[in-house]
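Trainee: Before we examine this model, I should like to go through it by question and answer. May we begin with the terms and then turn to the structure itself?

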Amino acid sequence: DEMAFYSLGAASDGGEGAVHVRWTNDVSDDNLLWYDVGYAYRHDLCQYHSHFSGDEMFCNFVLDPGATAWRATYEYPFLFYDNDDDGVAEEAIRYCANGAEIGNVRHSFDADDDATAKHPRDYDVSITAYAPEGGIVAAADAMQTIQLREIPTEPFLAYGPGQTAGLAAIWDRMLFTWDEDDNNVDADRYEDAHERWEGVIAKGTEGFEQVGGPSCGAVNKRYELAIQTGQPMQTYLHPVDQRIHLRGAQRAWLDVDADQDRSADMKYSFVDSDGDGVIDTWNLDANADGSVDDSWMASGSSAQDIPWTWAEVSAAQKSIMASVPQALLSVTYRLEQALTKAGSDPNSDPVAQLLRNNLNAPAIGGALRQKLINSDESMRFYLDVLKDRLILQLKSVAPDGAHWAEFNGARGRGDLGAMQMLLEQAYGLMDAPPIYATWVGEKRAAVNDGPRVAVLQDWISDHIGFENRSIAYRCYFGQIDFYGKREEGFILDQLDGDQQASDWGVDALFLKDTAGCGGVTLIVNGEGYPVWSPQGRGFVTFENNVIEQTGDRIVVEMLGTNAGPEGSGYTVRLRITLTADRKDVAVEVIVDGGKPEDAIELGLNLTRLSEQPFYLLDQEAGVMAVRGYQTSNVGTVGMGIVFPPARFIRVGESPSANQVVISVERGVPVRYHVQGDWIRGRRFPVAPSHEDWMNELRALAAELKLQ
């Protein structure tokens, strides 16, 4: 529930002998906090594996020599809020303060709420603000104190009030930053391609010193700077560009780097010409040479105020993203047709070429291409940029069209539908524009092309390995084993013999003579008979086959003959299915043969670990779970079986296995699921509890509803 890093003399504002502590509170009790290396947080090694999601907070304190209380300093506090209870933070607020006096704040939102438990960081926008001289003073009832090592802290901003403490304040300077290409990564040093947990860190600019780092960079981010407006944080939705803006911004700009080579290809500037706090003029410098190539003004449209809260901003952004990408695609399609009819090649435009070629450019690697094309926000950004470039091109080749007056008026209202219709009328265009979902789906299929599962057979005799990007399993002689992975990817082609550990991860179990993670025991007339033959030396013989292999699914089979009592003629068929994007596998068992009068049952086994502090059977849910470890180099592993609750008979007795016994009939398939888990291979390995593992399996059981 709490985690703290203590260090001596490490505080930048602490004198010799000062003690620094970074104290963290797991508010939502999801048991996922900081990752450390050598008991310290190293940004390059730890930021990806530290959680900073859900409901959490941390605060920095210094204990000066001779002091009787901890003094809050620097990040004071850093707060994360899961507003919709999905386990993922949609809001991050970083304060810097001295006591109750707040000096600056960075307040970020996941505006379109598209972060997930698997990809929990996807912040889109922030307002960073500096307080006037003397700071912004937080209310006394917004403060709290705690004790650390039996020493009290001075009052600091509490978690609940911290969410709204800065909203009503009058800030001296505010910098609004929108991540237009949906790529909120380190763009100062480009050392880390992972999305930032800190929110959207604005790059410093004239009149505004950068707060924290690394910043999101200067390109493909929209900046709006407001100085001494006398207003609190307030945003608005402008119908002209279908974007959310900062009210009162005196300077606003967007430098576009379409080919991602880290230099601007074109530039926008946004102007509030009448000083009413709302943008009314858009200027386009199409080649970033410092001169304006096109300009348009708002006409007859009014801005809609959006309170600076996640609920309001998210509702507005979701509404935008529900319709604007399709409208932009339709307009750009008509512009391309109009240019062709006017005798100009729309594909001569470099942004048009980029989109047509699925963002294939020297500076856009495969992972970045996938990320951008899989994002509706980045696709909207590219379509919007292309729209403005094609309008400029069409103006240059057909400047005298009678439709331009009406078109410019529609553009000044942000009426994309009217712009499309006017182009259709002017150029006699009647075919249906492409459907956005189909258009972008084809692009995503192209960049995501390739199998999402893989299989490898007989790199060791009689072994079959099968994997998706998250986990790998192997089966041999009736035993089921699994590999843990440090990061997503394929590893089977890297195996060299019976490899135990590597940079990619580890062989997580040592099966020896056990059934492993989900192997079975055939119980005949109350007597158990293992359906596995370690190293091929048991009574049961096996035939292994790959039954099915597609881009998303692998089905393998182990057919065991001579199972059960000697000479009884039982066969046990285990058919195991792995699909992309799932860590569990389905196991279908069919028992045949034997004497008709035999009473048969099936034991489902999980290897008994050498140290196994957690074992739990939930009969009603149909779950058996264990967690523990066999060796220190592997560390903690979890194993689970989800079985049909109605088939439960009893808990089995086995010195080498945790076993649940279920009913089975000859020739009738029985399906259960197994899942392996290597703690060190989790993105956030610190520190899920045993009960968390059980709840994860319970959720799987609720999803599967096995009968």
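Mentor: Helices and strands here are DSSP runs, helices of at least four residues and strands of at least two, numbered from the N terminus. The model is a predicted one.

Trainee: In which loop does tyrosine 39 lie, and what is its phi?

Mentor: Tyrosine 39 is exposed, with a relative accessible area of 75%, because exposed means over 50%. The residue belongs to the loop between β2 and α1 (43-46). Although tyrosine 39 is not a glycine, its phi is positive, at about 65°.

Trainee: Is arginine 262 buried or exposed?

Mentor: Arginine 262 sits in the loop between β18 (251-256) and β19. It has a positive phi of about 75° although it is not a glycine. Its relative accessible area is 54%, and the cut-off is over 50%, so arginine 262 is exposed.

Trainee: How many helices and strands are there in the chain?

Mentor: The chain has 707 residues, and buried residues make up 55% of them. Among contacts between residues at least 6 apart in sequence, 61% join residues at least 24 apart. Along the principal axes, the C-alpha atoms fill a box of roughly 95 × 80 × 40 Å. The count of elements is 10 helices and 41 strands.

Trainee: How far apart in space are glutamate 16 and aspartate 64?

Mentor: Glutamate 16 is placed in the loop between β1 (2-8) and β2 (19-25). It is exposed, with a relative accessible area of 80%. In sequence, glutamate 16 and aspartate 64 are 48 residues apart; from C-alpha to C-alpha, the distance is 8.4 Å.

Trainee: Which residues closest to the centre line the largest cavity?

Mentor: The structure holds 4 cavities of 30 Å³ or more, and about 180 Å³ of space lies in the largest cavity. Its lining divides into 10 nonpolar, 2 polar and 6 charged residues, and α6 (376-397) supplies the largest share, 5 residues. Of the 18 lining residues, the closest to the centre are Asp241, Arg243, Asp384, Lys387 and Asp388.

Trainee: What is the make-up by class of the lining of the second largest cavity?

Mentor: The second largest cavity has a volume of about 110 Å³. Of its 14 lining residues, the closest to the centre are Trp178, Glu180, Gln317, Glu377 and Arg380. At least two lining residues each come from β14 (173-179), β17 (243-246), α3 (310-341) and α6. By class, the lining has 4 nonpolar, 2 polar and 8 charged residues.

Trainee: Why does the span of α8 agree with its number of residues, and what covers its buried residues?

Mentor: At 1.5 Å a residue, the 12 residues of α8 should span 16 Å, and the end C-alpha atoms are 17 Å apart, which agrees. The buried residues of α8 include Leu416, Met419, Leu423 and Tyr427. What covers the buried residues of α8 includes α3, α6 and α7 (404-413).

Terms used: Residues numbered from 1 in each chain as written. Predicted model: local features only at pLDDT ≥ 70, side-chain atom pairs only at ≥ 80, totals over all residues. Heavy atoms only, no water. 1 Å grid on protein atoms, 1.4 Å probe; cavity = no way out; pocket = protein on both sides within 12 Å on 5 of 7 lines; lining within 4 Å. Points joined across faces, edges and corners; volume = space filled by probe spheres on them. Nonpolar A, V, L, I, M, F, W, Y, C, P; charged D, E, K, R; others polar. Expected span 1.5 Å × (residues − 1). Buried < 20%, exposed > 50% of the residue type's maximum accessible area, 1.4 Å probe, protein only. Contact = heavy atoms within 4.5 Å.
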